[in-house]
Amino acid sequence: MMIKSSLLRKDGNCERNLFGVSKAPSKSSSSSNSGSGGGSSNVPPQKDPQGEADSLLFMQIFIHLLKSNIGTGFLGLPLAVKNAGLLVGPVSLLAIGVLTVHCMDILLNCASHLTQRLQRSFVNYEETTMYSLETCPNPWLRTHSVWGRYIVSFLLIVTQLGFCSVYFMFMADNLQQIVEEAHFTSNVCQPRKSLVMTPVLDARFYMLTILPFLILLVLVQNPQVLSIFSTLATITTLSSLALIFEYLIQIPHHSSLPLVASWKTFLLFFGTAIFTFEGVGMVLPLKSQMKSPQQFPAVLYLGMSFVIFLYICLGTLGYMKFGSDTQASITLNLPNCWLYQSVKLMYSVGIFFTYALQFHVPAEIIIPYVISRVSEDWALFVDLTVRTALVCLTCFSAVLIPRLDLVISLVGSVSSSALALIIPPLLEIATFYSENISCLTIVKDIMISILGLLGCVFGTYQALYEMTQQARFSMANSTSGYT
């Protein structure tokens, strides 16, 4: 989950992305950015020797693919399996994974077709949506094609800021548990006998404590420094996951767990699962940075197959290990000993540095637009102000709804489902409709989009309903306590 955007940041005379790779801009890219409505360029893409030298190899792309799909949502999968059932959960994870990878492949095919048609070297998700609508047979959609770009940009902003809010809650929950259990943390790792804990300080206090450090972090805009953050996050995350899996495979496990859960909680499962499959927006920039782009489908299928395998293993083993006590993040279930407290700390450090990478996506959409509305003298001040405001927005969102599981489900249902399941099939219809696309493909694409839409609507409803119930419960408790 480290990098999920197809956006490239322009820096001087070269384009830089978050993979730490730079390349000179092509003429086609420059001409296509001159207008908001888009349009084809007559200049063919140029091969750049330096760009080829900096291209990423098969294994590097594979690692980036893994990084982009392992984050806080990954640690919430045991609770997701609990919400679906021990049988339905893993099967549904597999089904959603297959559909998501298929939609990634659809997006790649649409982008590849459009780059050839428009003689562009690269198009991102937003541009793919806009150019697809420009070629569809519906006159109204062709006229308003730029709105497709705006919608995808808006969904990317909502999704990425939602991730950042989840990061606040994840770090606060784990930091709270580390600090408040420090006085009776031991060297002996025993399973938790009880998860009921009366906190000394509310989790919101820890969110506000983290806030100034994250504000300072997002002020770093150097791509090379961001790549260092990515490396640190990868090391701490993978180390933590190794220790988590080592604990999960230990016996005993709970028996007689329900195979099928309630349909209401299954809706929460859908939001969490689709939140976890977050790699749709990053397949295009990854392919563009690959030394042999024709090998990318093999990397995609191999990498995502391994990711789906990890998802199913963690979700199933975690639920079997902790049963009805499964928490919103599996780190909160780990034993209260110094070894696993260090796991929480390492993973939190990884998420802390990942915040800067996730924040880079909405910042690069919003800040250039805002700066273009002010004079050059105010550009730096406005840049820093907007960055600070966006971090505060993600913090205050987390403070208002301090339920990690519900926010993950809500973000997944609202925006991730649209980016992963609803939009790509519709793009395939719009892009290839004029080229005799088969009726079977159209039916398949419509069914996938409808499935994503149903999950979006009902998952959002259930997450909001659970949030309102939680708010009423909290208000009732505070009222009774005052009385």
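**Figure 1. What S415 touches****.** Leaving out residues up to four places away in sequence, S415 touches L155, V158 and T159 (a contact being heavy atoms within 4.5 Å). This is a predicted model, where local features need pLDDT of at least 70 and side-chain atom pairs count only at pLDDT 80 or more, while totals for chains, interfaces and linings use all residues. Residues are numbered from 1 along each chain as its sequence is written, and side-chain values use heavy atoms, with hydrogens and water left out. S415 sits in helix α17, residues 404-432 (helices are DSSP runs of H or I with at least four residues, strands are E runs with at least two, both numbered from the N terminus). S415 counts as buried because its relative accessible area is 0% (buried is under 20%, exposed over 50%, partly exposed in between, with a 1.4 Å probe and protein chains only).

**Figure 2. Where α9 crosses α10****.** Helix α9 (residues 146-180) and helix α10 (residues 203-218) bring their axes within 8 Å of each other, crossing at roughly 115 degrees (axes are lines fitted to C-alpha atoms over the stretch in contact, with angles from 0 to 180 degrees between N-to-C directions). The crossing is right-handed, as the near helix is turned clockwise from the far one by less than a right angle. On the α9 side, look for F168, M169, M171, A172, D173, L175, Q176, V179 and E180; their partners in α10 are A203, Y206, M207, I210, L211 and L214. Sorted by class, that makes twelve nonpolar residues, one polar and two charged (Asp, Glu, Lys and Arg are charged; Ala, Val, Leu, Ile, Met, Phe, Trp, Tyr, Cys and Pro nonpolar; the others, Gly among them, polar).

**Figure 3. I244 in the largest nonpolar core****.** This core takes in 131 residues (buried Ala, Val, Leu, Ile, Met, Phe, Trp, Tyr and Cys joined through side-chain atoms within 4.5 Å). I244 is among the residues with the most contacts inside it, along with F74, F168, L214, V283, Y355 and V391. Skip the neighbours within four places in sequence, and I244 is in contact with L75, L314, I330, T331, L334 and V343.

**Figure 4. A few of the aromatic pairs****.** The structure has 16 of them (Phe, Tyr and Trp rings, the six-membered one for Trp, with centres within 6.5 Å; planes under 30 degrees apart are stacked, over 60 edge-to-face, the rest tilted). W147 and Y150 go edge-to-face, with centres 5.4 Å apart and planes at 90 degrees. Both lie in helix α9, three residues apart, about one turn of the helix. Y150 is partly exposed, because its relative accessibility is 41%. F352 and F353 are also edge-to-face, at 5.5 Å centre to centre and 80 degrees between the planes, and both are buried. F74 turns up again here, forming one aromatic cluster with F277 and Y311.

**Figure 5. Positive phi at Q119 and N436****.** Most residues other than glycine have a negative phi. Q119, not a glycine, has a phi of about 55 degrees and is found in the loop between α6 (88-118) and α7 (125-135). Its relative accessibility is 33%, so Q119 counts as partly exposed. N436, also not a glycine, has a phi of about 60 degrees, in the loop between α17 and α18 (439-482). N436 is exposed, because its relative accessible area is 75%.
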